[in-house]
Amino acid sequence: MDLGIAGRTALVGGASKGLGFGCAQALVKEGVNVVIVARGSQALQEAAARLQAEATGGAFVKAVATDITTEAGRAEVFAVQRDFDIVVTNAGGPPPGDFRDWDRDAWIKAVDANMLTPIELIKATVDGMAQRGFGRIINITSSSVKSPINILGLSNGARSGLTGFVAGVARSSIAAQGVTINNLLPGSFATDRLKTTVKGGAEKSGQSFDAAWEARQKLIPAKRFGTPEEFGAICAFLCSEQAGYMTGQNILADGGAYPGTY
């Protein structure tokens, strides 16, 4: 299927690896220009080289090594490219733990990265998208928005706040101007983030990492973890011309792990 987005320009956060890279990879294969952002310069440059090699239709890849959760970092990004047709927000999730151990600073940091940063990026780009008559904003959140995970309370709270905000703005006047905003909720995908979470659980339970990894997969109806590539394909579709009638939605990709009907 031709997604109809060749020649568009996308901003993808956290794109040096994992789900962010998967999204950027799917987009460049569709001929989309991408500006990728992450804090680690070396990993980001390596990712940019891989993406450029896979780009089609003469699409460019630009890399900005910065912390997009800061005002200065966002300014760096917009100095490289001002207007975007597609924005994929994605910042690393806050650490797991016991809520009794989190002070105010921990909560503010989580909210800043996983709620306020996406809102700032939406604010900076959505009006330009509306004026041009096309825009796609995808927020990578978490399946924990629908099915909270006890040790990920910081993420549960911050990402739920973003979800509530998006529910309103996605249905504002921009919906009639060709702009959609959707949230993409990953379950368990084989990324460094999941490895860290599983390792923490294994240490607490006294299991080996391999045993905990295998046990975690068995809890998923699909009996496996997802891949960044298939996550990226979902993201690319949500960015497509064909997905123009989908907005304000929370798209869950979790191999069937969420047990609810709705």
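This is a predicted model: local features need pLDDT of at least 70, side-chain atom pairs count only at pLDDT 80 or more; totals for chains, interfaces and linings use all residues.
Residues are numbered from 1 along each chain as its sequence is written, and side-chain values use heavy atoms, with hydrogens and water left out.

The largest nonpolar core comprises 34 residues. A nonpolar core is here a set of buried Ala, Val, Leu, Ile, Met, Phe, Trp, Tyr and Cys residues joined through side-chain atoms within 4.5 Å; buried denotes under 20% relative accessible area, exposed over 50%, and partly exposed the range in between (1.4 Å probe, protein chains only). The residues with the most contacts inside this core are Ile5, Val12, Leu27, Val34, Ile36, Ile86 and Val88. At least two core residues each are supplied by strands S1 (9–13), S2 (33–38), S4 (86–89) and S5 (135–140), and by helices H1 (18–29), H2 (41–54) and H8 (228–238). Helices (H or I, at least four residues) and strands (E, at least two) are DSSP runs, numbered from the N terminus. H1 provides the largest share of the core, seven residues. A further core, of 23 residues, lies apart from this one and includes Val77, Leu121, Val126 and Ile174.

Isoleucine 36 illustrates the surroundings of a core residue. With residues up to four places away in sequence left out, isoleucine 36 touches Val12, Ala15, Ala24, Leu44, Ala47, Ala48, Leu51, Val61, Lys62, Ala63 and Val64, contact being defined as heavy atoms within 4.5 Å.

S2 pairs with strand S3 (residues 61–65) in the parallel sense, over five bridges; two strands count as paired if DSSP finds at least two bridges between them. Within this pairing, valine 34 has valine 61 of S3 as its bridge partner. Together with H2, the two strands S2 and S3 form a right-handed β-α-β unit. A crossover is right-handed if, with the strands pointing away from the viewer, the path from the first strand over the helix to the second runs clockwise.

Nine salt bridges are found in a search of the whole structure, a salt bridge being a side-chain nitrogen of Lys or Arg within 4 Å of a carboxyl oxygen of Asp or Glu. One of them joins the side chains of glutamate 54 and lysine 29, at 3.3 Å from N to O. This pair links distant parts of the chain, with glutamate 54 in H2 and lysine 29 in H1, 25 residues apart. Glutamate 54 is partly exposed at 25% relative accessibility, and lysine 29 is partly exposed at 45%.

A salt bridge also connects arginine 132 with aspartate 85, whose closest N and O atoms are 3.7 Å apart. Arginine 132 belongs to helix H4 (residues 104–132) and aspartate 85 to the loop between helix H3 (71–80) and S4, so that the pair links distant parts of the chain, 47 residues apart. Arginine 132 is partly exposed, at 40% relative accessibility, whereas aspartate 85 is buried, at 12%.

The side chains of glutamate 120 and lysine 123 form a salt bridge with an N to O distance of 3.5 Å. Because glutamate 120 and lysine 123 are three residues apart in H4, about one helical turn separates them. Glutamate 120 is partly exposed, at 31% relative accessibility, and lysine 123 is exposed, at 55%. Elsewhere, salt bridges with shared partners join Arg8, Asp83, Asp85, Arg132 and Glu241 into one network.

In H3, the buried residues are Gly73, Arg74, Val77 and Phe78. These residues lie on the same side of H3 because they cover an arc of only 135 degrees around the axis, the arc being that of the directions from the helix axis to the C-beta atoms. Glu71, Ala72 and Ala79 are exposed on the other side of H3. The cover over the buried residues of H3 includes S1, S2, S3 and H4.

Lysine 223, a residue other than glycine, has a positive phi value near 60 degrees. Lysine 223 is located in the loop between helix H7 (209–218) and H8, and is exposed, with a relative accessible area of 53%. Glycine 157 lies in helix H5 (residues 153–169) and is partly exposed, at 37% relative accessibility. Between glycine 157 and lysine 62 there are 33 Å in space, C-alpha to C-alpha, and the two are 95 residues apart in sequence.
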